[in-house]
Amino acid sequence: MGKEFRGTIADHPDFDAGSDAEALYNAMKGFGSDKEAILDLIVSRSNAQRQEIRAAYKSQYGKDLIDDLKYELTGNFERLIVGLMRPPANHDAKEIKDAIKGAGTDEKCLIEILASRTNEQIHNLVEAYKDAYGRDLEEDIIGDTSGHFKKMLIVLLQGTREEDDVVSEDLVEQDAQDLYDAGEAQWGTDEAKFIMLLGNRSVTHLQLVFDEYQKIAEKSIEDSIKSELSGDFETLMLAVVQCIRSRPMFFAKRLYKSMKGLGTADNTLIRVMVSRSEIDMLDIRECFRLRYEKSLYNMIQDDTSGDYKRTLLKLCGGDDDIAGEFFPEAAQIAYKMWEISAMTRVQLRGTVRPYQNFDPASDAQALRKAMKGFGTDEDTIIDIVAHRSNAQRQEIRQTFKSLLGRDLMADLKSELSKNLERLILGLMMTPAEFDAKMMKKAIEGAGTDEHALIEILVTRSNQEIQDMCSAYQNAYKKSLEDAIASDTSGHFKRILISLAQGAREEDPADMARALEDAQALADACNADSGDFEDQFMSILCTRSFPHLRRVFQEFVRSSNKDIEQIIKKEMSGDVKNAMFAIVRSVKNQPSYFADRLYKAMKGLGTDDRALIRIMVSRSEIDLFNIRKEFKETHDASLHEFIQVETFVGDTSGDYRKTLLILCGGED
């Protein structure tokens with residue numbers, strides 16, 4: 001039996017190429033053109049039918065239909081309609097040609113096409129490229145790329161990957177071990193082994209290899225690639241892995257990145273919508289909703305306009321219901337995502353480490369000198385404070401008082417101003433003092449910063465929460481629990497107070513109990529009683545993160561529902577935000593922080609308090625991991641974002657300079 005059709009554009013019934021050609025000719029005849037008639041006709045025909053229309057148009061009118069469309073239409077609408085009129089292989093060939101011609105190379109386009117196409121599609125692409133441009137595609141790619149990136153592209157360009165039904169069971173364990181030995185198990189990386197295995201083994205075989213690799217390395221193959229490889233080669237290998245795991249999810253990510261933020265990457269948006277409309281657009285839509293909590297249809301609607309938008313929406317094929325129910329394919333992907341999350345042991349890495357040749361007395365004297373007399377030497381202050389670990393900064397604080405009889409914090413406060421002062425003082429506090437101060441700031445005044453309360457209480461360990469509570473009591477002579485109770489209400493208050501106990505279980509996952517908890521959550525979703533939030537709170541606020549990963553995985557299996565969509569649909573306000581933050585943090589805490597940083601900087605104005613809070617609190621824990629997640633999700637480096645988004649209002653550049661030091665480098 002053939003595979004179920006998962007596209008959104010199919011053959012039009014009662015098709016007549018001649019009458020369609022006539023309709024298009026009439027739509028373009030005379031002054032102006034009937035764009036609505038053009039898009040309605042072209043988008044409701046399959047690509048094979050469009051080729052028949054093109055042939056009929058030339059026979060009937062002696063003209064090339066694509067040339068006429070180019071003449072009559074403009075901008076992105078023209079590029080989209082013309083893209084739909086080309087055979088798929090010719091469209092890919094044109095995209096590749098555009099990617100490598102001129103001064104710069106569009107590596108992301110090369111990666112997307114060559115990592116995602118089947119053997120047959122690759123062979124057709126190579127042939128179409130030769131026919132259209134009289135050149136050999138392999139030679140052009142060799143002339144335009146270099147290093148391991150070039151080698152992997154050439155391997156993919158052969159179109160010789162084993163077919164999906166080829167699984168060498170006796171080689172699965174060996175291949176996983178070979179990948180581990182080529183990267184994690186040695187100093188340096190054997191890139192050739194990665195290229196050979198990921199470029200040639202079948203999709204089904206590699207899916208089993210990745211599962212086996214997870215058991216050996218206790219981390220996903222993606223995490224290993226991020227830590228072992230770099231640059232375009234890293235991006236290419238991650239794309240290959242993503243396509244092996246799920247092509248629809250890979251394309252969902254490409255579509256999201258093409259539309260988020262300022263401006264739209266229309267080339268990418270057009271290429272994906274055209275190339276996948278007759279293959280797997282329904283699955284891409286489901287994966288899009290699964291990952292981004294927003295339908296692809298709505299994102300296109302918000303991000304594009306006019307006839308261009310109308311055509312894209314027709315290719316999309318409809319707006320997805322947000323009830324939280326999955327298509328079977330998406331349920332399998334969600335289950336697998338949670339399984340990977342449950343098995344992964346991520347190696348967390350900060351960006352700030354203890355300073356070698358540390359001398360607290362010398363640092364204390366240098367800081368005093370930087371603040372004495374007329375004017376302040378901000379460069380010296382930044383250089384010392386941002387390049388020392390927190391433990392070393394506490395030694396400097398103590399030594400400053402012992403040697404000079406002065407309070408370093410008070411001196412810094414009097415010499416610095418605005419965001420630089422808040423950032424430097426935040427770095428000089430102990431983590432517990434800083435968290436307590438951030439909680440106080442979130443609670444005091446007219447409005448409450450609920451997002452800050454959620455972020456801190458959801459992401460801190462039991463010990464960190466207990467230390468924060470002690471620091472809060474010492475600093476403000478009031479318990480944090482009382483402060484939360486007086487400033488919040490209802491279920492939200494109960495969630496925060498539960499988290500503020502710092503008593504979350506720390507046990508590994510218990511499979512039998514995970515099944516019970518998953519069933520309890522599923523029952524709560526179906527019950528008419530008002531204890532829905534109570535049931536979710538009793539599990540999400542108390543169980544260990546490793547255990548919750550298993551619970552969420554089994555929840556998909558037992559209910560065919562997405563835990564995040566259920567929360568989004570059934571809850572509201574701060575309760576929804578708190579529960580959502582727990583799920584996101586359980587799944588991938590660095591990704592959660594990357595999203596928080598993105599939201600702090602995008603749009604009009606920067607939420608400097610959130611930016612400072614995360615950069616200070618995560619710099620010695622997992623900021624390197626957060627950087628990697630930021631780059632993968634938002635297609636721009638955290639370093640780049642900080643440089644651009646903190647420019648306004650930071651006339652001296654000292655605030656930005658300090659943030660960039662904490663960031664630890666450009667990805």
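Q: Is Glu564 buried or exposed?
A: The structure is a predicted model in which local features need pLDDT of at least 70 and side-chain atom pairs pLDDT 80 or more, while totals for chains, interfaces and linings use all residues. Residues are numbered from 1 along each chain as its sequence is written, and side-chain values use heavy atoms, without hydrogens and water. The classes are buried (under 20% relative accessible area), exposed (over 50%) and partly exposed in between, with a 1.4 Å probe and protein chains only. Since its relative accessibility is 3%, Glu564 counts as buried.

Q: Which residue meets Glu564 in a salt bridge?
A: A salt bridge here needs a side-chain nitrogen of Lys or Arg within 4 Å of a carboxyl oxygen of Asp or Glu. For Glu564 the N to O distance is 4.0 Å, and the partner is Lys587.

Q: How many residues apart are Glu564 and Lys587?
A: Helices are DSSP runs (H or I, at least four residues), numbered from the N terminus. Glu564 lies in helix H35 (residues 563–570) and Lys587 in helix H36 (residues 573–601), and their separation is 23 residues.

Q: Which residue forms a salt bridge with Asp379?
A: Asp379 is partly exposed, at 42% relative accessible area. The closest N and O atoms of the pair are 3.0 Å apart, and the partner of Asp379 is Lys657.

Q: How many residues apart in sequence are the parts tied together by Lys657 and Asp379?
A: The salt bridge joins Lys657 and Asp379. Lys657 belongs to helix H40 (residues 654–663) and Asp379 to helix H23, so the parts tied together are separated in sequence by 278 residues.

Q: Why is the pair of Tyr25 and Tyr61 classed as it is?
A: Rings of Phe, Tyr and Trp (its six-membered ring) pair if their centres lie within 6.5 Å; planes under 30 degrees apart are stacked, over 60 edge-to-face and the rest tilted. This rule gives 15 aromatic pairs. The centres of Tyr25 and Tyr61 are 4.0 Å apart and their planes are at 5°, so the class is stacked.

Q: Which residues form one aromatic cluster?
A: Tyr25 is partly exposed at 25% relative accessibility, and Tyr61 is partly exposed with a relative accessible area of 25%. The cluster consists of Tyr25, Tyr57 and Tyr61.

Q: Within what arc do the buried residues of H25 fall?
A: In helix H25 (residues 408–415), the buried residues are Leu408, Met409, Asp411 and Leu412. They line one face of the helix, because seen down its axis they fall within an arc (from directions of helix axis to C-beta atoms) of 160°.

Key
Helices (H or I, at least four residues) and strands (E, at least two) are DSSP runs, numbered from the N terminus.
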